Amino acid sequence: MRGTAAVRCVLNAVCALAALSVLGSSATALEFWDGRLAIHGFYGMQVRSLANNFDYQDGWDLSQWYHILNLEIEADIAPDGFGPFDLISAFGRIEVRYDCVWTRGCGIFSSADTYGDRARRLPKRLLNARRNGYTMQSYTGDTRRFREYTDPSQLSFNLRDLPTPSRQPMTFSYIPGLENLSASKGPDGELGTEDDPFPYYTAYMDPKECLFGVQRMKGNVELVGGRNLPHTPACEVIPIGPMTDKANPLSPIDYNPVLGGIGGGNLPLRPAPKLLAGGRKGRGDVAQGLWLPNHKLAEKLRKDEFGSFDQNFTQDELAWNRGASQQDEKELKELYADIELFDSRLWLRLGKQNIVWGKTELFRTTDQFNPQDLALGSLTGLEESRIGLWALRAVWSFYNIGPLEDVRLEVAVNYDEFEPTDLGRCGEPYAPLPVCDKTWGLMAHGFVGFAIAGEERPPNPWNSWKGIEVGGRLEWRYDRFSFAITDFYGYNDGPSLDPIFTYSRNVDHVSGRPRYGMATGPCRTGKEAS
């Protein structure tokens, strides 16, 4: 067993890492059955810290403290072959990771409180946007930074903006835009009493579990905007139907517990859903309560076209590195068998594996079979960040053909459910910040009905041949030069936006009837309308 405690120091444009001492020990391996079974591995530790422009006043925080145990098992099942097989061997690799950054430095450092469900203090880079200065329709002139944020228990609007140096994360009611709605008063005309509508309609965004940051960025208002950063894993992302159990104020059948009665009935051109709020939950393809899906979204939900959006992970799952790409096999990174046939001219590898083609110089050109876990850390190596997939790889050796030497034809097939690039979840230390646009977009869709509705993925290969990714290459050497012709047919592992519904509403100039969204032709009348 090889045991090394290696501390990795990494440097990039926005972070600096503290260097610690490195301890090591001699490397050994465990062997059984005359060396036919070998177990070896290592222990390592990675410590990283983030600071914006190396400014210690910006919240120089512990961002990673990984403890890593890597075990590799090699087995020579049939080294001399049997039957048609010339050789059979197997390999497995297990990688156990635990990141103490989620649990106050494993309980050692109480000041390590930037990440996790108990986040208490965010650095300026995660809390540096400015308020818009408006409360409902009134301009208060308060455009201070959100890092001057006060105790969330202060509900009264004129008290909650008192400055404080604590830089604590915000609750849902303080997010730019929503801060205006959260200042809405109930029928009694007082803010902070039980009849205020905002706490009732946003109760699923528990202020004890859902904490946010907000970042200043280039936007559409004088080239300055804000990016909302859902920060805590305990805050569940619900893009479909979280408002189905909230009473619609326009519905004459919905009982509103805040107002103590039912709604006042439909307004012109604004009908309320026929279903009682909370009476039918779980589908999301029908209007209910304050959930009003458009017809394109409802159609996709009925056809079950949305797959996993890889956002709802617990703090424990993130601490054990069981995010999107580790949900199925957990700590199992590789498990495959190597088989040789026909006097070793045919070589097969079957199982969960990494397929590496070509040479990589910063960009992965022909290395396309395996996606990467980009939220694992800053500048992680390809060997560390590749995500193994269940695949088949076959190589046939032609040996020498004329002046060409070592001619080989290789074919590889990914036969696994589609695995995109693991970008992480907003709130992970090394998740790229644009990922927060996805997390917040899914949340916003559940609240207001637009933004990101879900994620569509290719079919599983066992359900459709369209889900299979396949590639082939021909390699040879001529004199001192190596050549390869490579082709890969598969899917882009990165995300792309696909609008499913664009809303535009007008009326027919003859009948006055409201048209469907994006409709421009005349409304049908008489028999055509039946």
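**Figure 1. Confidence along the predicted protein chain.** The protein chain of this predicted model averages a pLDDT of 81, and 81% of the residues score at least 70, pLDDT being the predictor's confidence in each residue, from 0 to 100. Where pLDDT is low, the predicted coordinates should not be read in detail. Residues are numbered from 1 along each chain as its sequence is written. Local features need pLDDT of at least 70 and side-chain atom pairs count only at pLDDT 80 or more, whereas totals for chains, interfaces and linings use all residues; side-chain values use heavy atoms, with hydrogens and water left out.

**Figure 2. Helix H4 and its ends.** In helix H4 (residues 295-302) the buried residues are Leu297, Ala298, Lys300 and Leu301, where buried means under 20% relative accessible area, exposed over 50% and partly exposed in between, with a 1.4 Å probe and protein chains only. Seen down the axis of H4, these residues fall within an arc of 160 degrees, so they line one face of the helix; the arc is that of the directions from the helix axis to the C-beta atoms. Helix H7 (435-448) is included in what covers them. Asn294 caps the N-terminal end of H4, with a side-chain oxygen 3.1 Å from the backbone nitrogen of Lys296, and just after the helix Asp304 takes a positive phi of about 55 degrees.

**Figure 3. Asp310 and Arg457.** The side chains of Asp310 and Arg457 meet in a salt bridge at 2.4 Å, N to O, a salt bridge being a side-chain nitrogen of Lys or Arg within 4 Å of a carboxyl oxygen of Asp or Glu. Asp310 lies in the loop between H4 and H5 and Arg457 in the loop between H7 and strand E18 (469-478), so the pair ties together parts that are 147 residues apart in sequence. Asp310 is buried at 14% relative accessible area, while Arg457, at 26%, counts as partly exposed. Glu455 also forms a salt bridge with Arg457, the closest N and O atoms being 2.9 Å apart.

How values were computed: Helices (H or I, at least four residues) and strands (E, at least two) are DSSP runs, numbered from the N terminus. Contact means heavy atoms within 4.5 Å. A polar contact is a pair of N or O atoms within 3.5 Å; within protein, one must be able to donate a hydrogen and the other to accept it, and residues adjacent in sequence count only if both atoms are side-chain atoms.
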